[in-house]
Amino acid sequence: MKVLTLRQPWATLVAEGIKQYEFRSWKTNYRGKILIHAGVGIDKEDMKKFKNLNLDFPAGKIIAEVELIDCLELDEKLNEKIICENNIAYGNKKRSGYAWKIKTIRKIDSDKKIKGQLGLWNYDYKVKNKI
């Protein structure tokens, strides 16, 4: 199954359904289910913004299964739409590149530590074993 590694707090915000777009400098033609892997990297300044949400921010684990439903090139209009839809997750920052539209299917609770990778990568994921 395809996997995308995200730093915290972004991985948890995706898993909780708070963040519905992931920003990348590159586009993908892939659509379908992907796993969200919480990498070991942390955006410390951004973590401060979300500490009041009382969420867990695990590291080195697969924490959600999502569906990638679109990949949109960012322009002024799309930036404004994304900021208006969810200022909590995105702030007022204008972005360039691509917005990957995702919807959370389910959170995954696993204790298995997994090393992440750059880009979309593959992992032999078995649902009944819950990783």
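Which residues does isoleucine 36 touch, not counting residues up to four places away in sequence? Before you click, keep in mind that this is a predicted model. Now select isoleucine 36 and show what surrounds it: the contacts are Leu4, Leu6, Ala11, Val14, Lys61, Ile62, Ile63, Ala64 and Val66.

**The core**

The largest nonpolar core has 16 residues, and Ile36 and Val66 touch the most other members. Colour by element next: two or more residues of this core come from each of strand E1 (2-8), H1, E3, strand E4 (61-73) and E5. E4 is the top contributor, giving five residues.

**A buried glutamate**

While you have E4 on screen, select glutamate 65, which is found in that strand. Is glutamate 65 buried or exposed? With a relative accessible area of 5%, glutamate 65 is buried. Leaving out residues up to four places away in sequence, glutamate 65 touches Met1, Lys33, Ile34, Leu35, Thr104, Ile105, Arg106, Ile108 and Tyr125.

**A buried threonine**

Hop over to threonine 5, in strand E1. Threonine 5 is buried too, at a relative accessible area of 18%, because the cut-off for buried is under 20%. One is tryptophan 121, whose side chain makes a polar contact of 3.0 Å with the side chain of threonine 5. The other is the backbone nitrogen of glutamine 117, which lies 3.4 Å from a polar atom of the threonine 5 side chain. Beyond its neighbours within four places in sequence, threonine 5 is in contact with Arg24, His37, Gly39, Gly116, Gln117 and Trp121.

**A cis bond on the way**

Now go to proline 9, in the loop between E1 and H1. Check the omega of the peptide bond from glutamine 8 to proline 9: that bond is cis, with omega near 15°.

**Aromatic pairs**

Time to show rings. How many aromatic pairs does a search of the whole structure find? The search gives three, and we'll visit two of them.

Start with tryptophan 10 and phenylalanine 50: their ring centres are 5.6 Å apart and their planes meet at 80°, so this pair is edge-to-face. The pair links distant parts of the chain, since tryptophan 10 is in helix H1 (residues 10-15) and phenylalanine 50 is in helix H2 (residues 44-50), 40 residues apart.

Next, pick tryptophan 26 and tryptophan 100, another edge-to-face pair, with 4.8 Å centre to centre and 90° between the planes. Tryptophan 26 lies in the loop between strand E2 (21-24) and strand E3 (32-42), and tryptophan 100 in strand E5 (residues 98-107), so the pair ties together parts 74 residues apart in sequence. Tryptophan 26 is partly exposed, with a relative accessible area of 31%, whereas tryptophan 100 is buried at 0%.

**Charges over rings**

The charged end of lysine 101 sits over the ring of tyrosine 21, 4.8 Å from its centre. For another such arrangement, select lysine 2, which lies over the face of tyrosine 30 at 6.0 Å from the ring centre.

**Helix H3**

Look down the axis of helix H3 (residues 76-85), where the buried residues are Leu78, Asn79, Ile82 and Ile83. Why are they on the same side of H3? They cover an arc of only 135° around the axis, which puts them on the same side. In general, an α-helix has 3.6 residues a turn, so residues three or four places apart point the same way. Then go to the N-terminal end of H3, which aspartate 75 caps: one of its side-chain oxygens lies 3.2 Å from the backbone nitrogen of lysine 77.

**Last stop**

Finish at asparagine 54, in the loop between H2 and E4. Asparagine 54 is not a glycine, yet its phi is positive, at about 55°. With a relative accessible area of 71%, asparagine 54 is exposed.

Technical notes:
Residues are numbered from 1 along each chain as its sequence is written. This is a predicted model: local features need pLDDT of at least 70, side-chain atom pairs count only at pLDDT 80 or more; totals for chains, interfaces and linings use all residues. Side-chain values use heavy atoms; hydrogens and water are left out. Rings of Phe, Tyr and Trp (its six-membered ring) pair if their centres lie within 6.5 Å; planes under 30 degrees apart count as stacked, over 60 as edge-to-face and the rest as tilted. Helices (H or I, at least four residues) and strands (E, at least two) are DSSP runs, numbered from the N terminus. Buried means under 20% relative accessible area, exposed over 50%, partly exposed in between (1.4 Å probe, protein chains only). A charge sits over a ring if NZ of Lys or CZ of Arg is within 6 Å of the ring centre and within 35 degrees of the ring normal. The arc is that of the directions from the helix axis to the C-beta atoms. A polar contact is a pair of N or O atoms within 3.5 Å; within protein, one must be able to donate a hydrogen and the other to accept it, and residues adjacent in sequence count only if both atoms are side-chain atoms. A nonpolar core is a set of buried Ala, Val, Leu, Ile, Met, Phe, Trp, Tyr and Cys residues joined through side-chain atoms within 4.5 Å. Contact means heavy atoms within 4.5 Å.
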